[in-house]
Amino acid sequence: MSTVKKEGVLVVADNRQARRDFFILDKIEAGLELKGSEVKSVREGQVNLKEGYVLEDRGEMFLKGVHIKPYEYASQSLNPDRTRKLLLHKKEIRRWSMETQQKGLTMVPLRVYFKNGRAKLEIGLAKGKKRFDKRETIKQRESNIEIDRATKGRQKR
């Protein structure tokens with residue numbers, strides 16, 4: 001995916017599949033700990049968030065299942081699927097891990113972006129959708145498109 005700049009934030013990857021498969025209840029911004037040439041790969045948009053998820057382990061949050069393509073011109077290459085540490089406050093980590101344990105929710109990566117030159121990850125606290133929920137979402141989206149088309153036609157006259 002190519003990079004898109006919105007509101008002073010350079011968005012490099014977006015996980016649209018997560019928005020389709022989950023109800024996003026809450027969002028949080030976390031710093032992303034990258035090593036060496038991974039930063040250049042992320043800037044080029046060489047990130048795949050589809051299979052990614054976030055885990056809490058011993059008071060720290062980790063990003064797993066995210067593929068960052070190795071930078072083409074780097075002398076050393078890291079494992080593209082390695083586990084990456086997320087930078088959050090302890091209070092935030094405790095709150096989110098409690099909610100996932102008690103309510104059976106999941107933490108999914110929603111998008112990767114650069115803010116003030118630093119790599120950030122937007123994490124969503126999510127609840128899985130059932131098949132009928134997905135159908136309902138599609139129907140709602142289609143009805144919104146029809147309404148937009150109808151109102152757009154009226155505005156032109």
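Arg43 lies over the face of Phe114, 4.1 Å from the ring centre. A charge sits over a ring if NZ of Lys or CZ of Arg is within 6 Å of the ring centre and within 35 degrees of the ring normal. The model is predicted: local features need pLDDT of at least 70 and side-chain atom pairs pLDDT 80 or more, while totals for chains, interfaces and linings use all residues. Residues are numbered from 1 along each chain as its sequence is written, and side-chain values use heavy atoms, with hydrogens and water left out.

A search of the whole structure found one aromatic pair. The ring centres of Tyr71 and Tyr73 are 5.8 Å apart and the planes stand at 70 degrees, so the pair is edge-to-face. Rings of Phe, Tyr and Trp (its six-membered ring) pair if their centres lie within 6.5 Å; planes under 30 degrees apart are stacked, over 60 edge-to-face, and the rest tilted. Tyr73 is exposed, at 64% relative accessible area. Here buried means under 20%, exposed over 50%, and partly exposed in between (1.4 Å probe, protein chains only).

The structure holds 10 salt bridges. Each is a side-chain nitrogen of Lys or Arg within 4 Å of a carboxyl oxygen of Asp or Glu. One of them joins Glu60 to Lys85, with the closest N and O atoms 3.1 Å apart. This pair links distant parts of the chain: Glu60 is in strand S6 (residues 60-64) and Lys85 in strand S8 (residues 84-87), 25 residues apart. Helices (H or I, at least four residues) and strands (E, at least two) are DSSP runs, numbered from the N terminus. Glu60 is partly exposed, at 31% relative accessibility. Lys85 is also partly exposed, at 26%.

Another salt bridge lies within a helix. Arg149 and Glu146 meet at 3.3 Å, N to O. They are three residues apart in helix H4 (residues 131-156), so about one helical turn separates them. Arg149 is exposed, with a relative accessible area of 57%, whereas Glu146 is partly exposed at 48%. Elsewhere, salt bridges that share partners join Asp26, Arg95 and Glu99 into one network.

Asp21 and Arg20 also form a salt bridge, at 3.9 Å from N to O. Arg20 is partly exposed, with a relative accessible area of 45%.
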